Amino acid sequence: MDNIYLPYLATIEDIYEEAPDVRTCRLVFKDPKVRDTFDFKTGQFALYSAFGLGESTFCIASSPTHKGYIQCTFRKSGRVTGGLSDLGIGDTMGFRGPYGNWFPIDKWKGKNILFIAGGIGFPPVRSVIWNCLDRRKDFGDITIVYGAKSVADLVYKNELAQWSRMSDVKLVQAVDPGGETPDWKGKIGFVPTVLEQAAPSPNNAIAVTCGPPIMIKFVLQALNKLGFSDEQVYTTLENKMKCGVGKCGRCNVGDIYICKEGPVYTAAEVKRMYNDF
Amino acid sequence: MTTKFLKKENLGKLIDTLIGEGSIFVAPRMGARQVVYAPVSKFEEIVFDYIIPINSFKEFLFPQTETVAAFSIHKEGVDLRGVEIEPKETVIFGSRPCDAASVASLRAVFNWDFKDEFYNRREDKAVVMTVACTKADDSCFCTTVNLTPDSQKGSDILLQETSGGDYAVEAITEKGKGFMDRFNNFFEPLPTAYSPLPTVDIKPIAGVDVQKVKEWLKDTKHYENPLWQELARKCIGCGACTFACPTCHCFDIVDEGSAFEGERIKNWDACQFEFFTLHTSGHNPRDTQYKRWRNRFMCKFNFYPNKFSSRGCVGCGRCIRVCPVRLDITEVMEEISSLR
Amino acid sequence: MENTLRQKARELLEKGEVKVVIGYGWNKRKTHTTPVFITKPQDVEKLIFNPLCVNNLSLYLTRKFPDIKALGKPAIVAKGCDIKTIAVLISESQLKREDVVILGMSCNGVVYKQELWKGELKPEIMPTKCHNCDVRNPHIADIIIGEKVNFTPPDTPAGMVFDKIRELDKKSNSERWDFWIEHFNRCIKCYACRQVCPLCYCERCIAEKNMPQWIETSAHPRGNLAWNLKRAMDLTGRCTFCGECERACPVNIPLNLVNQKLALVVKDAFGHKAGYDEKVHPPMIVFNMEDTEDFIK
């Protein structure tokens, strides 16, 4: 019987502690058939299970250009993420997905890409960043604006260092006022403000943003101020989900089921939705 | 299709035969001082004098609690096994036309794109034998939402009560026809003279214009209308309406068990509960009760018809009957219909 | 009576002493009563009072209703039995006495079996709580509306609920267990009992706490038993027998039985009856040197 609620089993191959309570797990499917055929597109999400505790939804944080494994990054904050955090290398996680739509990066060929992320909203953006970097010649300028509450809360620190060394990537890092350390060399300020100061050009550009709802709201305003139209701005909406397949009825924003028609939308699409997120 | 005749005594024989074959026979019966759809073991348990059972029969297609997978956890990893279901034939006798019409709505949501075989296998094995309504109460409003008390929609077999307590029986679907052919010794030819009881006359609620309600809801501007807060103020946020509703389909998925083995279970859930949409971060898109109630109303009269081209509301009136504060969905329809 | 009620409500709203009157009104078809929230003096005509006014409106005074709180100071139309829950809310610091105007309604009983209601009150259509009511004349109120009612409740509690309690008391443990399992098995976890209960005001109910999962959310016997027992224990010594949980239950679980049984136990052990004095705390939340310990075996 075809069972849409049955997850794949995956082994945790590696764990990186990104920030306090935030970790990235590298997963490899146990079933060799799945391992060989599994594919996804950047921006899609999945349901990860800690068996005995349940399933939790987050994006696939790695890029589909990196074959053979997937990564997920999550913050330990509830029952399931708590359980996932208790797992170690070699332990088993459940994985159901990939679900939802994706960032249409094939349509962005030749454009400048601006990434704006805040806090734990970085993982979906990171997947797109790696996807674009792995096809670097397809795109124009690449700018990354990333901020977190404090220096400790910045995730993907190694990769941030790596990107800061790349000559063809412009990286702007920021922490909220009060979150800096004495040797902090990045900006101090909230992401929307830092974005306005960086003043990237809207010409031939696409912006990709993800972060807490309040940040997204002000980032969209800042982008409008900079001259970005709503069609140029992409974001990913994360609502609570249980099934991921358009049945359980809780991720809807009006008549839009985020798990099926989303989670990736342009700002123009978001503005047409019912104010229900 | 041809009309047949089912005598009451043959109904009893039909039940005995079906149960003998291992089928489940669901019918209106008494359960804790009220009429409910529940399995019966013999003819005598059936209640014939009823308006509509307090529950819908969706629980026989989409059980309130259903295990979808089982697992055991040990040192070397996790053993995971998906549950296979082989439902027994389930005959739902005495369904009402409103309930029968709801099956299409459940089917739509469980089958758009991904297919939920737990639902499909159960529905495949269900035979819906609807009895047209000869009585209604002040909560019934099927005609207001464009159904009728003798509608065929969703039924496999439609029965009409006769004055003698027997039934004129019509097969509506191939499944229904097959069922009647299988038991043709019980479904007799129609006698030359019989007097069917008149179908109840339910007047559509004059102040309600369903099309207008739908149009009004479609306009995203109206989402912020202060009316919502006012209309839903008395709502206490229980799940009685959603659990009684034949088209409400929302569910939760939980793990239960010990540290070493357990089950993954699909449980009915309700959009009326505060924690239904609560994010782990603490953000809740529907943080107050009127927003949750607005979602339910929108789902019935806007999202469902638009998205699944099916009915979100069949007018059974259960949400009105079970509501502890008598929050009446038709009154809200009236309010919205009266807006200019 | 209704005229006096409307007049008082109008005065309170006009003088600005309250911003909202929480009361009863008719539904559109005038078949059932329903809670109404009157904020404008001209709307007081919507207020009604009759034996069909069964709801315990004190529910709307709790923190479960921030939207109602935001309207401003309330006046509430309350029968004696509803005032009992207000008293418990005050004693548990959920409400200050001066923050609510109580319009206490003299009451001759309410009607549960609406289908049998022909405009007159007969004992057989009234719930058990009315048969034993000693607060038909409101015991705590700012304004009492209606004429004094002469009614003396029986010395021994009478009515279906108490008859059944006495019947169950005579049964063996295993018979009682079977009785309750059969009833709890019907539970559909809609939480109408909790939501309609003025004393279930926890910001996060234990049923929704999942670290750890105290109560399984599935509607299987284990989860149902855990939920119903937990709720009964939480109401011990606090429940005022307004009967709303059982009235709201879509599957007719006899919740009054378990709650009243526990109320009798508390009365025997501590001499406490909930809801008569807003200055007295429920026994289960206070420590008293005189507490008997004979329940520890």
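Chain A is divided into domain 1 (8-99) and domain 2 (105-236), with bounds that come from an automatic or database domain assignment. This is a predicted model, in which local features need pLDDT of at least 70, side-chain atom pairs count only at pLDDT 80 or more, and totals for chains, interfaces and linings use all residues. Residues are numbered from 1 along each chain as its sequence is written, while chains are lettered from A and ligands numbered from 1 in the order in which they are written.

In chain A, 24 Å lies between the C-alpha centres of domain 1 and domain 2. Their contact takes 17 residues from domain 1 of chain A and 16 residues from domain 2 of chain A; two residues are in contact if their C-beta atoms, placed from the backbone, lie within 7 Å. On the domain 1 side, strand S1 (8-19), strand S4 (54-59) and strand S5 (70-75) of chain A give two or more residues each. Helices (H or I, at least four residues) and strands (E, at least two) are DSSP runs, numbered from the N terminus. That side has 8 nonpolar, 7 polar and 2 charged residues. Here Ala, Val, Leu, Ile, Met, Phe, Trp, Tyr, Cys and Pro count as nonpolar, Asp, Glu, Lys and Arg as charged, and the others, Gly among them, as polar.

Next, chain C. Its domains are domain 1 (2-145) and domain 2 (160-285), with C-alpha centres separated by 24 Å. Here 24 residues of domain 1 of chain C are in contact with 24 residues of domain 2 of chain C. Which helix gives the most to the domain 1 side? That is H3(C), with 9 residues. By class, this side of domain 1 of chain C divides into 10 nonpolar, 8 polar and 6 charged.

Now the chain interfaces. Between chains A and B, 35 residues of chain A are in contact with 45 residues of chain B. The chain A side has 13 nonpolar, 13 polar and 9 charged residues. For chain C, 31 residues are in contact with 32 residues of chain B. Strand S2 (33-38), helix H2 (66-69), helix H7 (192-196) and helix H9 (244-248) of chain C each supply at least two residues of that chain C side.

Last, A:Phe115. Leaving aside neighbours within four places in sequence, A:Phe115 is in contact with A:Val125, A:Val128, A:Ile129, A:Thr143, A:Ile144, A:Val145 and A:Val208.
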